[in-house]
Each structure stands twice: as structure tokens, then as C-alpha cells.
Amino acid sequence: MSVINLRIVITKGQVMVVTVKINLLDKIWIFDGAMGTMLQNDGLEIGGLPEILNIEASEKVVNIHKRYIEAGADFITTNTFGANEIKLKNSSYEVEDVIDAAIKNAKLASDTKDVKIVLDIGPIGEMLEPLGTLAFERAYDIFKRQILQGVKSGADIILIETMSDLYEAKAAILAAKENSDLPVFCTMTFEKNKRTFAGVNVKTMVMTLEGLNVDALGVNCSLGPVELESVIEEVMKYASIPVIVQPNAGLPRMSNGETIYDLSSDEFASAVEKMVKSGVNIVGGCCGTTNEFIKSLSIKFKDTKPYIIERNKLKGVCSALKCIEFEGIKVIGERINPTGKKLFKEALKNNNIEYIVKQALEQIEAGADILDVNVGLPEIDEEKMMVQVIKELQTVVDVPLQIDSNNSKVLEGALRVYNGKAIVNSVNGKDLVLDRLLPIVKKYGAAIIGLTLDEDGIPSSAEDRFRIAEKIVDRCLSLGIPREDIIIDCLTLTASAQQKDVIETLKAIELVKARLNVKTVLGVSNVSFGLPNRNLLNRTFLSMALYSGLDFPIVNPNDVDIMDTISAFKVLSNEDYNSKKYVSNFENQIRETRIIKKENVKRELDNEMDNSNDELIQVIIKGLKEESAEITKNILKKKTEIEVVNEILIPALNIVGEKYEKGEIFLPQLIQSAETVKCSFDVIQSRLILNDENRINRGTIILATVKGDIHDIGKNIVKTVLENYGFEIIDLGKDVSKEKIVEEAKEKNVKLVGLSALMTTTVKSMEETIKALKSENIKCKIFVGGAVLNQEYADMIDADYYAKDAKEAVEIAEKIFFDI
Ligand code: B1M
């Protein structure tokens, strides 16, 4: 696991490429430190593109590499962090030229010394869907271009670093693996709450990156080694491959207009030593570190042998945000499957993805840990549909998904776009199936369900089913799919048709558990086909199977009897320690029954509309975009547009904001809710515009969300309401610089400018914008609004007016233009 192959080019006499194996656990390997901050110290302007200097000031880059090599770095990283087609689009250079020059610079600096040249790949600079607008496939192509050139110019290793979004990291890793045979290291960037800013946690990172077969994984940037200690502690608990750490030189602060970091090189090395003692064996530096820092590291770890620490390999699967460990019983929801479901089939035929998303949410609410996803219908393109459903589901739900198809193209398409570690359902004992599917499972690092059937069908006896299970396990292990990722399905047979075989399934589970030490899964409800009172048979069989060693029942989580049986089994098998969950389940059920009763009474008293209000709030919290528009249209039959905004949309966003602040939801869900509000708001906006047929211009107003702030829902509401009152709005959008606002205000000679800000950090740029407008002597009044502001703040930053909401914005406009 820890050995990587490096291609070495020998040029004495003739050119020869040989492969050298190096063991990453042989020593503490030293990476270099920062490039960007070193170049800034050497005159690079803040905001300038450091990668261009590979061509325009190559001597500066070579010099920095040399300083790191002299300091003792074993690996030097090319100056290519942002050398991608998005960041270079306004420069006069192509990606290929920049990367080629960067690798040449590194080679020149390394001369004949034994250092490895690492192709550095940073984030693209635009967010991937659903956080942003960049498609996964487009991101892959951007990375591919960098990697192809890196290989051509002779890099030894690829480092994918400073990643916040696991999805972006995956696009880069796939691009690296599919277009080169170089070793791949990947590091992500964590905040103090042990999540990346996109919500990824340590477990989901480790699971996904190890699954994708990187050679080393770890953490870089964002914090100093002291603050990163708890993150590393967690990485070291779970990672089973070499770990790399490149912290910043402490925390930054401003001093005399310059950013300085708070650790000396020796303090830095001492803090890193703690990480080395916990098992980290590749160390270097990120922002603010210099050759002095790398020298301190190389002196400190010159004779240190890596600490080999016993680690618990993580067993389980994950989405980008949530990890389900394979311990105890886990419920797999079976409802996303068209078999025998008329409405589901219709939804698939009509591309009604919202219906499928609702099935997912219902199952999660009912207690599913993992969701099976099967969208196979003869009349639809299964691959296209599966990819679309996986993409949509993972923007709304956070439980891991199980991709259910026997078509290799469908499986590969889905695994490619899945953000996390999935389960593949299903492989079986047929040689052809094993040959075709196992390499795909290995490549994408999924867990796998193996069915105990082969070319001769499903054997009757437990022993024969066990033999197929054994064959599947052997084939997986020989391909490098670890035992903990293998789940065996001993197949439920129907009691009405094959009564004596039902018990064989249970015996087979016992054999598999005892002799193969893998997890087991079973679709339960097959057992009862053709017999009355199916539920009774299902839950009795479920209890028997759980007692035989079933780990993952595939069931309908909406079936209360089934879920209660599982809950009771967890008590009796000692999994639910002190019966805590069982007791709270039933407490909840009692409470829920009471709530339902109370709600029924309330419902009779309330009008229908209040239910729709709650429904819309729930839809916003869950992020169901399409439904929000429909419900909004209904509510607008009884409420005014402003009432909908004030009584429903804003309270719903407040709930979402609170959940985000408490860490109950993360950025992807926050974005999804904001998008859902936009769908409702589009309906409101179109109505307001329709209502205003005889619009006249009662005055022109500039509106903008200030620099650094991308929140624009509130500002857009203010805009629509002001337009509704006959004012013409020049909407400069969000994240608008003070220069742009000043320029527009001058050019359009407006009487009134409105500024919006939602974050404490951006009130400062609001203040600067006001200062700029006033210092240019522009004869306009300025009003401000946004959730962080109040009258006191507005006065403090010298605004002329403060508007609490859109209605107050109208009052201010009327005052300015008509002195009303
Ligand atoms: Co973010 N966000 N967000 N966010 N977001 C807040 C504001 C936050 C309070 C959430 C939280 O932590 N509880 C928090 C700020 C903390 C702080 O500084 N105090 C926060 C954060 C931290 C962030 C990010 C940094 C998260 C991250 O990336 N880690 C990031 C910021 C990026 C950036 O701006 N550089 C971020 C991103 C986003 C989304 C993109 C996901 C999305 C915005 C989508 C969009 O706007 N297009 C979003 C959302 C939706 C929110 C919350 C949940 C809702 C904001 C909103 O639209 N409210 C918000 C929490 C909250 O406010 N409860 C939160 C509804 C809107 C109608 O109200 O804008 O106040 P509001 O407008 C009202 C009035 O204030 C007034 O009239 C409107 C109607 O009554 N008004 C004006 C507003 N502007 C006016 C201008 C006027 C007059 C009146 O005259 C000119």
C-alpha cells in the first residue's frame, strides 16, 4: 500500500526510462513550503497570477525551488497551483506552456539532486454543481488537460491539494488516474470545526479518497499545525495509507499592512512533530512557510523513522457529508425501484425526478441508513436516468446510496458521478459478471453486494450458496477489493413456492458470517409473495434472518411493523445499549400520536391555507425546487405577494440559517434551500410584473449587494417591490465593487443608491462604498438594508437611511423622490 512507482529518466549515453519503487514508510519525507507567499515576498502583486512567472520571471521560481532543495526537501512542488484554463483565461498563455515551463524550472533547480518533482494541482476556482455551476464532466476535462501536460513534461508525482469539495477532488483524481500512471497524493482543507467549507468531514474524506486508490492523503492550508492537531488526530484514527500534512505557518494577522503568520520555523516543526508521532510521515508547509520552515522540518526529522501506529480501518460507505459505518444493523431503503410500482414507473417515464426525491426523503425520515437506487425500465435510457437521479438525490439527501443495476455501463456512469463511497448492487457468482463488474467496483472504490447465484441459478442448499459466496469473496480479494467492502446476499426465496429453501437462506447466512467474515444483506419481502398477511411473514422472517446474522435488511422503512421489529431486535441482541433508542422511539411514537391528534383538531379549526404555509416551509427546508413553485401558486390565491415573502419565505430561510449555524446542515443543503426560495420568488415576481401593466418611471434607483457578499435574495425582493411602486431599478447585482457603484452612480446621475449586506464581514465593504460615494461628491442619498444591519449600524457607517425591509425601502424612495 505504501510503495509507489516512480519513473526515472536516465540520460547517460542513451535515454532510458526505468521504474523505481519507493516506500513511503521508509522515512519521514519532506515536502517543500509555500510558493505563492514566497513569490509575494519577491514582488508578486497580491491578486497577480503566480503561475505566469514560470515564463516571465523563471529565475525567481527556480530560486525558490533551489532554496527548498537546499533546506532539505525531498519533493518539490511545481508552481502550477492555478495553472488551469479557467484561471489562465485572461492571460496570454496556454495551460500547456505554463505547466511545461513550471516543470522545466523545477528540473533546472533540482539539477542532479535526488528530489522528486510534484505536479501541483489546486482547485479550479469555480464551484462544481450543485454548489456552483461547473459540471463534473467539465471539471474532469480541465484537470485532464493539466495532467496530460504534466506527464508529457516529466512530473514524477501528482499532488491534488487545497480541496474543499470532495466532488472536485474526485474529478481531479479520476483525471489523474485515467490519464497517467503517476502516483497521486490528495490533500483537503479543513476548518476548525473539522469540516471543509463544503461540509466534508474527515471520515468521508478518508473513505472516498482511499476508495479512489490515491497513494497518500491528508490535509493542507487553512490553519496552522496547532489548530490542525485535532483534524490530524481524526485522520490518523482512520487512514490506512500514508498521510501527508502541509499546514500554514500558524494563523495570519495584519501588521503594517502586511499579512504575517504567528509561528516561528522551530515552533512550526515542534507542532508538526506531534503529528509525526501520531503516524504522519510526509510533511511540508503551506501559506506563510519558507525555506527556514522546511529546514527546521528536515533537521528535526532527519533520523526519525515513521511511527507505525495500529489504525482502525474505516468500514462503511458514505456520501460527501455523512458516513455510515458497518457496525450493527443498518437499514437499506428499497422504495426507489419501479418493480411492481405503477406510480414510480410513470414518474420514470415522465422524468419526474421530484417524485423520486420525495421517495428518498420519506424513507430517510422513516429511519433508512442507506438508499437503494434502481431506475431500470425497458422503455427508458437507464444509464442517463441513473446518472440524473444520482446527481439530483445527492444534492438533497445526505445518506449514502446503493446503485442497483446489473448493467455495467449504468453502474460505471453512476459511480463516476457519485460524491462519496457507494454500494454496488449487485454482482453474482457468474464468471462473466465477476470479470466485467469487479474492476469497475475496484476503480471507484465502492462496496459490493454479491448474490449467491451463478451460471446454474440459485442453489437450493446452504452449502452450495456458501460456495458461491466464497468464490465471490476470493475474486474480490484477488483484485484488491478489501474484505470489509464485501457484502453477501444469500437470497430470499418465496415460501409459497420453495418453502424448504427459506431456511437454507438463513443457514447460508450463518455459514457466510462464520467462515468468510463479511457482512450480509437480504431483500426481505420476497419471502411472502402469494401468501396472505404478508407483513406477518415478512417480519417473522426478518427476525429469524437477523438472528442468523443478517446485517443489512433491504426493506420498506415506511413500514412501521418492520422498523419496530428491527428496533426490538437491537434491544434483544444488546446492540441498543440500555434500550435507549427503543425507549425514545416509543416515547416519540406516543408523542407523535398525540401531535397527530392535536393537529387533526387544529386542522379542523385552521383554514386549508395554513397547511400549505407549513408545507412550503418544509419544502424549502428540504430543498424541493419544483414543488415550491406549485405550492406558491396555490398560496397566492389567498395571500398577497408580500405576505408570502414575510410569513413564509423569510421564516423558512431563518430556520435554514439556524440549522446551518448549528452544523445540522451544510453548504450544499443551504444552497438547495436558497434555490428553492428562488423558485417560489420567481412565481411571486412574475405575478407582480403582471399586476403592473401601466408602469411609469417614478424615479431611478441603483441597487447592489456590496463587494464580498453574494447574498441577493433580499436585495431582489426589494428590487421587485420598488419596481412595483413604479421606480426604475438599475440592478448592479451582487459582490459589486465600490468602484463600479461609484461609476454607475456618476454616469446615471441617480438620486438614490441602495446597498445590501448580509454578513458581519461585508458591513465593512458597505462602509467603504458609502465613503467612496461621499468622497466623490456624488449628489445621491444612500439607504442600506440586510439582516446584519440596524439603525445604529447604519448611522455608524454614515448611511443616510436604513430600511428594515422592502416596505421601508419604498417609504424611503417616496420620501426622496416626492417628499411624501
Ligand atoms: Co449565507 N449566510 N452564506 N448563504 N445565508 C447567512 C447570511 C448566515 C447568517 C447564516 C448563518 O450562519 N446563520 C451567515 C452569515 C453570518 C454573519 O456574518 N453574521 C452566512 C454565511 C456564513 C454564508 C457563507 C460564508 C457560507 C460559506 O460559504 N461557508 C456564504 C457566503 C458567501 C459570500 O457571500 N461571500 C454563504 C452563502 C449562502 C448561499 C449562496 C448558500 C445562500 C445565498 C443565496 C443568494 O442569496 N442568492 C445563503 C443563504 C440563503 C443564507 C440565509 C440562510 C438566508 C439569507 C436570505 O436570503 N434571507 C442566511 C441566514 C438568515 O438570514 N437567516 C445566511 C432572506 C432574505 C429575504 O432576507 O436578505 O435579510 P434578507 O433581506 C430582507 C431584509 O434584510 C431587507 O429586505 C429583505 C426583505 O425583507 N433587505 C434590504 C435586504 N437587503 C436590503 C437592501 C435594502 C433594503 C432592505 O436597501 C438597499
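Modeller: Asparagine 105 is found in helix α4, residues 95–110 (helices are DSSP runs of H or I, at least four residues, numbered from the N terminus). This is a predicted model, in which local features need pLDDT of at least 70 and side-chain atom pairs count only at pLDDT 80 or more, while totals for chains, interfaces and linings use all residues. Residues are numbered from 1 along each chain as its sequence is written, and side-chain values use heavy atoms, without hydrogens and water.

Asparagine 105 is buried, since its relative accessible area is 6% (buried means under 20%, with a 1.4 Å probe and protein chains only). Apart from neighbours within four places in sequence, asparagine 105 is in contact with Asn54, Ser58, Val61, Val62 and His65 (heavy atoms within 4.5 Å).

The largest cavity has about 230 Å³ of space, and among its 19 lining residues Ala320, Leu321, Gln394, Asn419 and Pro668 lie nearest its centre. Helix α13 gives the largest share of that lining, three residues, and α6 (166–179), α13 (382–396) and α24 (667–691) each supply at least two.

The second largest cavity has about 30 Å³ of space, and its lining includes Glu641, Phe681 and Thr720. The elements that give two or more residues to the lining of this second largest cavity are α23 (641–661), α24 and α25 (713–724).

Key. Buried < 20%, exposed > 50% of the residue type's maximum accessible area, 1.4 Å probe, protein only. 1 Å grid on protein atoms, 1.4 Å probe; cavity = no way out; pocket = protein on both sides within 12 Å on 5 of 7 lines; lining within 4 Å. Points joined across faces, edges and corners; volume = space filled by probe spheres on them.
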